[in-house]
Amino acid sequence: MYLPPHDPHVDDPMRFKPLFRIHLMERKSATVECMYGHKGPHNGHIQIVKKDEFSTKCNQTDHHRMSGGRQEEFRTWLREEWGRTLEDIFHEHMQELILMKFIYTSQYDNCLTYRRIYLPPSSPNDLIKPGLFKGTYGSHGLEIVMLSFHGKKAKGTKITGDPNIPAGQQTVEIDLAHPLQLPDIENLHDFSELSRIVLEVQEQVRREEQEQEQQEEEDHSQQDPSQQKSLGAEGAEGEETAAGAEGTTQDKAPASQPFVLPMGVISRIEDYPRTCRICFYGTGLIAGHGFTSPERTPGVFVLFDDDRFGFIWLELKSFSLYSRIKVSFQNAEAPSREAFDEMLKNIQSLAT
């Protein structure tokens with residue numbers, strides 16, 4: 001299992017933890033050992049469910065228990081998962097979230113289902129190379145997000161989740177057709193100034209979407225089916241042209257510009273980059289516990305370099321920093337864009 005580094009060290013490498021191992025024997029037989037817990041390898045079971053999916057089961061879960069009971073198990077898990085003790089965490093809300101995560105993850109006792117993740121396809125026109133990123137999520141700690149590009153949009157999909165937003169949900173969406181011009185460095189400290197700029201773009205996007213819907217309704221009522229098909233092809237070509245135009249805009253953007261978080265914006269990491277390449281309008285998904293009342297809220301996507309980007313959650317007054325995972329995963333070749341879009345829909349079925 002690949003674990004993110006300890007919060008909030010987003011640039012540190014991933015951590016590796018064995019969960020099971022298979023011994024191949026003579027006559028095509030094999031034995032499976034569960035590696036979970038602190039008492040050494042013990043009897044386990046693996047079942048192939050279907051293509052790109054298998055399940056593991058521990059047959060001796062008593063090996064996962066500790067002499068000090070659940071309290072000792074929790075403290076050990078806390079040191080390994082978070083790199084700290086409960087006494088180090090003063091924020092009551094954060095203590096509650098960490099305890100919830102321990103209860104949720106420990107109940108499975110390494111009886112899990114695994115599904116293969118295909119890495120996103122890449123294109124020369126992409127803003128940066130797509131892939132997997134570690135991101136800071138406040139009291140939830142570090143989570144894994146998959147960045148992919150879809151024409152005039154970029155999407156950040158959660159690979160790991162939390163009690164608010166589960167895995168498989170689209171945590172951020174970036175509108176590549178609407179770059180943002182940040183205020184100068186002196187005015188950037190003013191949160192209200194940044195908020196004004198973002199909300200103006202949000203209103204512009206809303207008007208454009210309404211106009212597009214009205215235009216599509218008018219076209220649909222005026223065209224016969226054969227003409228509609230032709231119109232659809234022209235629309236696709238127009239999107240390609242628009243994407244090309246955006247690429248030109250990005251190419252003309254300055255190599256770097258000063259960047260600083262506005263006063264009042266909370267960040268788990270203080271040594272974020274102080275220069276950025278370009279910013280775009282985007283939306284971030286927020287929700288209550290149990291994914292209740294989910295809503296997309298405005299924000300700012302900040303591209304720092306080829307391996308790091310950030311997102312300012314306007315409503316939460318919070319900042320997330322994302323750093324590329326540079327582990328080389330084998331057998332995770334990128335599919336076509338069409339196949340990937342279909343796979344992205346299926347990620348919804350991933351466990352939290």
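Which side chain meets that of Glu203 in a salt bridge? The partner is Arg206, at 2.3 Å from N to O, where a salt bridge is a side-chain nitrogen of Lys or Arg within 4 Å of a carboxyl oxygen of Asp or Glu. This is a predicted model, in which local features need pLDDT of at least 70 and side-chain atom pairs count only at pLDDT 80 or more, whereas totals for chains, interfaces and linings use all residues. Residues are numbered from 1 along each chain as its sequence is written, and side-chain values use heavy atoms, with hydrogens and water left out.

**Salt bridges**

The count comes to 23 salt bridges by this rule, and three of these pairs are set out here.

| Pair | Distance, N to O |
|---|---|
| Glu203 and Arg206 | 2.3 Å |
| Glu143 and Lys158 | 2.8 Å |
| Arg65 and Asp109 | 3.2 Å |

Glu203 and Arg206 both lie in helix H4, three residues apart, about one turn of the helix; helices (H or I, at least four residues) and strands (E, at least two) are DSSP runs, numbered from the N terminus. Glu203 is partly exposed at 30% relative accessible area, and Arg206 is likewise partly exposed at 36%, where buried means under 20%, exposed over 50% and partly exposed in between, with a 1.4 Å probe and protein chains only.

The side chains of Glu143 and Lys158 also meet in a salt bridge. Glu143 belongs to strand S9 (residues 142-150) and Lys158 to strand S10 (residues 153-158), so the pair ties together parts that are 15 residues apart in sequence. Glu143 is buried, at 2%, and Lys158 is buried, at 1%.

For the bridge between Arg65 and Asp109, Arg65 sits in the loop between strand S6 (53-58) and helix H1 (69-82) and Asp109 in the loop between helix H2 (92-106) and strand S7 (112-115), so this pair links parts 44 residues apart in sequence. Arg65 is partly exposed at 30%, while Asp109 counts as buried at 13%.

**Nonpolar core**

A nonpolar core is a set of buried Ala, Val, Leu, Ile, Met, Phe, Trp, Tyr and Cys residues joined through side-chain atoms within 4.5 Å. The largest nonpolar core has 27 residues, of which Leu180, Phe259, Val300 and Phe319 touch the most other members. Two or more residues each come from helix H4 (191-222), strand S15 (278-288), strand S16 (292-305) and strand S18 (318-324), and H4 gives the largest share, six residues. Apart from this core lies another, of 20 residues, among them Val145, Leu147, Phe280 and Tyr322.
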